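Trainee: I have a new model open. Show me how to read it, feature by feature.

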Amino acid sequence: MCDTDLAPGARRLVEVNARVTEGEHVVVVTDPTMERYASAVAGAAAEAGGHVTVCVMPLRRQVGQEPTGPVARAMSQADVIFSPVRISITHTRAMRTALEAGARVCMMTAYTDQIMTSPALLETDFEAQVEVCRRIGKAFTEGSSVRLTSPRGTDLRFSIEGRTANVLTNIPEPGQLAPVPDIEVNVVPVTGSAEGHFVADASIPYLGIGVLEEPVSCTVQEGYISRIEGGVQA
């Protein structure tokens with residue numbers, strides 16, 4: 001049984017983002033620290049008619065560590081994957097194999113009650129943002145250079161010549177990822193081309209830092225961060 005307050009968010013993930021349909025094979029990959037979110041999503045997926053398998057694996061030691069063999073095999077046979085895990089398995093061979101096989105993936109790395117009950121998940125019109133994402137992706141793919149600025153002092157330049165944008169609309173098609181509720185369009189700078197500095201003033205995820213108490217400023221030279229300034233978190 002899942003907590004009642006998680007159920008609306010779980011239904012949104014299942015019905016709006018993953019669009020689980022009757023008879024689809026749904027795999028929920030989790031670890032012992034995140035089972036309550038796995039339970040909520042699994043319940044909603046079952047209600048939608050999915051054939052649900054929940055895989056509980058040991059907590060990963062670092063980002064990108066491969067899932068266990070049985071979990072990887074389950075992922076490779078899934079139509080839909082949800083990943084409520086503490087440590088990201090997004091950039092793994094197991095995930096790439098599942099995507100190549102046509103899975104639709106909703107990533108739920110480091111989910112919290114706040115995320116599951118947030119307006120970002122419960123109220124966003126994800127359908128309306130799809131075309132916006134595609135337009136931005138087209139601009140990145142056809143563009144040659146980027147200058148990124150912000151009121152906090154970010155001023156970073158880099159080349160994107162020949163790069164293809166990665167468009168994450170949060171309504172994934174087969175073979176696509178969705179970092180719900182973070183709608184994302186990204187493009188990789190040409191190696192060694194980035195110059196300037198950028199200021200992070202919200203959060204730095206995955207490194208054990210999280211929400212920032214004060215801004216962190218990074219100087220970039222020839223594609224590498226050469227200096228980091230700020231408070232204790234910096």
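Mentor: Start with charge. Lys and Arg count as positive, Asp and Glu as negative; His and the chain ends are not counted. Each charge is placed at NZ of Lys, CZ of Arg, CG of Asp or CD of Glu. Here the protein chain carries 19 positive and 28 negative side chains, and the centres of the two sets are 4 Å apart.

Trainee: What ground rules apply?

Mentor: This is a predicted model: local features need pLDDT of at least 70, side-chain atom pairs count only at pLDDT 80 or more, and totals for chains, interfaces and linings use all residues. Residues are numbered from 1 along each chain as its sequence is written, and side-chain values use heavy atoms, with hydrogens and water left out.

Trainee: How many helices and strands does the protein chain have?

Mentor: Both are DSSP runs, numbered from the N terminus: helices are H or I with at least four residues, strands E with at least two. The protein chain has 7 helices and 14 strands. Its radius of gyration is 19 Å, close to the 17 Å that the globule rule gives for 234 residues, so the chain is as compact as a globular protein of that length. That radius is taken over C-alpha atoms; the rule is 2.2 Å times the number of residues to the power 0.38.

Trainee: What share of the residues is buried?

Mentor: Buried means under 20% relative accessible area, exposed over 50%, partly exposed in between, with a 1.4 Å probe and protein chains only. Buried residues are 39% of the 234.

Trainee: Now the sheets. In what order do the strands of the open sheet run?

Mentor: Two strands pair if DSSP finds at least two bridges between them. The open sheet has 5 strands in the order 2-1-3-4-8, with parallel pairing. Strand 2 (51-56) and strand 8 (177-178) are its edges, each pairing on one side only. Strand 4 (residues 104-107) joins strand 8 over 2 parallel bridges. There, Val105 has Leu177 as its bridge partner.

Trainee: What does strand 6 pair with?

Mentor: Strand 5 (residues 145-149) pairs with strand 6 in the antiparallel sense over 5 bridges. Ser145 is bridged to Ser159. The hairpin of these strands has 5 residues between them, and Gly153 takes a positive phi near 120 degrees. Strand 10 (residues 195-200) also pairs with strand 6, antiparallel, over 3 bridges. Gly196 in strand 10 stands opposite Leu156.
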